[in-house]
Amino acid sequence: MGMGMGVATAQTSDPAVRAVQALLQRGDLAAALARTEAADVRDAELRFLRGVILMDLGRDADALRSFVRLAEDFPQLPDPWNNIALLHDRAGRTELARLALETALRNDPAHRTARINLGHIHLKLAAQAWELAALAAPLDSAVQQRLDAVRALLRTPAPDR
């Protein structure tokens with residue numbers, strides 16, 4: 001998980017999803033992934049879990065493809081968009097992360113994790129803007145203090161949510 005960014009996870013009573021979650025709790029990512037690969041393409045929860053497992057395995061490109069396909073098939077769901085944003089952020093594509101989070105929040109304005117993650121992305125964008133401004137000329141002390149404060153915030157790990 002990227003610093004400060006929260007991954008969205010599936011919560012369900014579906015027995016197939018619970019079986020995958022039990023494998024994950026035991027730390028058996030390979031078996032959990034195999035269970036999700038056999039999932040019905042209409043099962044959004046298992047497909048979502050597959051993306052989360054791929055992220056946990058460090059297979060970010062595969063996870064991104066998985067979440068993008070899920071978002072295409074179920075565009076109204078906010079969680080795939082939140083995790084698309086997380087993956088874009090991990091890869092340094094901050095603007096694409098912002099756009100994905102805004103999509104998640106259009107789908108569910110009360111989505112807490114996406115809202116928190118958008119705040120994190122706004123901090124990163126502010127730091128980037130001030131750093132670019134500093135390339136043209138030294139920053140005045142007030143802006144430099146803001147930049148230093150934002151950098152400090154971005155270095156501080158967020159509490160687990």
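Which residues is phenylalanine 67 in contact with, leaving aside its neighbours within four places in sequence?

**Figure 1. Overview of the predicted model of the protein chain.** The chain has eight helices and zero strands. Read from the N terminus, its elements follow the order α-α-α-α-α-α-α-α. Of the 161 residues, 39% are buried. Among contacts with a separation of 6 or more, 55% are between residues 24 or more positions apart.

**Figure 2. Close-up of the largest nonpolar core, which has 31 residues.** Val20, Met55, Ala63, Phe67, Ile84, Leu87 and Leu101 are the residues with the most contacts inside this core. At least two core residues come from each of helix 1 (15-25), helix 2 (29-37), helix 3, helix 4 (60-73), helix 5, helix 6 (94-107) and helix 7 (112-136). The most is given by helix 3, with eight residues. Leaving aside neighbours within four places in sequence, phenylalanine 67 is in contact with Phe48, Gly51, Val52, Met55, Pro80, Asn83, Ile84 and Leu87. A second, separate core has six residues, among them Leu139, Val143, Val150 and Leu154. In soluble globular proteins, nonpolar side chains tend to be buried together.

**Figure 3. Close-up of the packing of helix 3 (residues 44-56) and helix 5 (residues 78-90).** The two axes come within 11 Å and cross at roughly 20°. Angles under 35 degrees count as roughly parallel, and helix 3 and helix 5 are therefore roughly parallel to each other. Their crossing is left-handed. On the helix 3 side the contact is made by Phe48, Val52 and Met55, and on the helix 5 side by Asp79, Pro80, Asn83, Leu86, Leu87 and Arg90. By class, the residues of this contact are six nonpolar, one polar and two charged.

**Figure 4. Close-up of the packing of helix 5 and helix 6.** The axes of these helices lie 8 Å apart, at an angle of about 170°. Angles over 145 degrees count as roughly antiparallel, so helix 5 is roughly antiparallel to helix 6. Helix 5 brings Pro78, Trp81, Asn82, Ile84, Ala85, His88 and Asp89 to the contact. These meet Thr94, Leu96, Ala97, Ala100, Leu101, Thr103, Ala104 and Asn107 in helix 6. The contact of helix 5 with helix 6 divides into nine nonpolar, five polar and one charged residues.

Note on methods. Residues are numbered from 1 along each chain as its sequence is written. This is a predicted model: local features need pLDDT of at least 70, side-chain atom pairs count only at pLDDT 80 or more; totals for chains, interfaces and linings use all residues. Side-chain values use heavy atoms; hydrogens and water are left out. Axes are lines fitted to C-alpha atoms, for helices over the stretch in contact, and angles run from 0 to 180 degrees between N-to-C directions. Helices (H or I, at least four residues) and strands (E, at least two) are DSSP runs, numbered from the N terminus. Angles under 35 degrees count as roughly parallel, over 145 as roughly antiparallel, 65 to 115 as roughly perpendicular and the rest as oblique. A crossing is left-handed if the near helix is turned anticlockwise from the far one by less than a right angle, and right-handed if clockwise. Contact means heavy atoms within 4.5 Å. Ala, Val, Leu, Ile, Met, Phe, Trp, Tyr, Cys and Pro count as nonpolar, Asp, Glu, Lys and Arg as charged, and the others, Gly among them, as polar. A nonpolar core is a set of buried Ala, Val, Leu, Ile, Met, Phe, Trp, Tyr and Cys residues joined through side-chain atoms within 4.5 Å. Buried means under 20% relative accessible area, exposed over 50%, partly exposed in between (1.4 Å probe, protein chains only).
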